[in-house]
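I opened the model to look up a few points and note them here. The entries follow in the order I took them.

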Amino acid sequence: MKLAILALAAGSAAAFAPAMNKAPSTALNMAFESELGVQPPLGFFDPLGMLNDADQERFDRLRYVEVKHGRICQLAFLGQITTRYGIHLSGDIDQSGDAFASFPNGIAAVIGPDAIPQAGLLQIIAFVGFLELAVMKDSANGAEPGEFPGDFRNGSLDFGWDNFDEETKLSKRGIELNNGRAAMMGILGLMVHEKLGEIDMGVELPIIGTLA
């Protein structure tokens, strides 16, 4: 759990945009100041120095990771507030008759004495691995080049993207970046509150109440 929180915190800070560090690797860093995502109030922001002396390939890789983590965290945050509000899948999760609603919410659903069966967790991990290795690919990790890092269409999915003008595309990509960044901080906050609830230090949160 601690490693997950630290990794999420590092990922949320890493690729927001380049650095407030004023050390002299200027030429390459200055090239990133006009990249999508450099915006108020933080502007050129790379507190961990991950873009010091980086080239465009390095930046694209970090942006790809940021976009992917943001998408995952948006789904995770939505899953947290949905299940904690009392909405679960209907039916049973296994052949023993255990209902989806019978398992705890949050991290306790996969780790702890009341977690889903280990076979179910292994199925989830296998499915995520399949998506990572075979489906969710772009030019940053071996697929044919897309329009931008995180473009997972791979010549098949579109949903009307090509009908937008360039200004609209940039706006939508910026919105996704901001929502992903907010979701990374949001799910991190929920994870922290969940652990605080285990030691009777939880607080009442809107919609979902006290996490435990």
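Is arginine 63 buried or exposed? I found that arginine 63 counts as buried, because its relative accessibility is 3%; buried means under 20% relative accessible area, exposed over 50% and partly exposed in between, with a 1.4 Å probe and protein chains only.

I note the basis of these entries. This is a predicted model, with residues numbered from 1 along each chain as its sequence is written, and local features need pLDDT of at least 70. Side-chain atom pairs count only at pLDDT 80 or more, totals for chains, interfaces and linings use all residues, and side-chain values use heavy atoms, with hydrogens and water left out.

Entry on arginine 63. I placed arginine 63 in helix α3, residues 56-84. I then looked up its side chain, which makes a polar contact with the side chain of glutamate 66 at 3.0 Å. A polar contact is a pair of N or O atoms within 3.5 Å; within protein, one must be able to donate a hydrogen and the other to accept it, and residues adjacent in sequence count only if both atoms are side-chain atoms.

Entry on the helix pair. I looked up which residues of α3 meet α5, and Arg63 and Glu66 are among them; contact means heavy atoms within 4.5 Å. On the α5 side the list includes Gly180, Ala183 and Ile187. The axes of α3 and α5 (residues 166-198) come within 7 Å and cross at roughly 50 degrees. Axes are lines fitted to C-alpha atoms, for helices over the stretch in contact, and angles run from 0 to 180 degrees between N-to-C directions. I therefore recorded α3 and α5 as oblique to each other: angles under 35 degrees count as roughly parallel, over 145 as roughly antiparallel, 65 to 115 as roughly perpendicular and the rest as oblique. The crossing of α3 past α5 is left-handed, that is, the near helix is turned anticlockwise from the far one by less than a right angle.

Entry on the loop between α2 and α3. I found proline 41 in this loop, and the peptide bond from proline 40 to proline 41 is cis, with omega near 0 degrees. Aspartate 53 is in the loop as well. Aspartate 53 is not a glycine, yet has a positive phi of about 60 degrees. I noted aspartate 53 as exposed because its relative accessibility is 57%.

Entry on the whole chain. I counted five helices and zero strands; helices (H or I, at least four residues) and strands (E, at least two) are DSSP runs, numbered from the N terminus. Of the 212 residues, 30% are buried.
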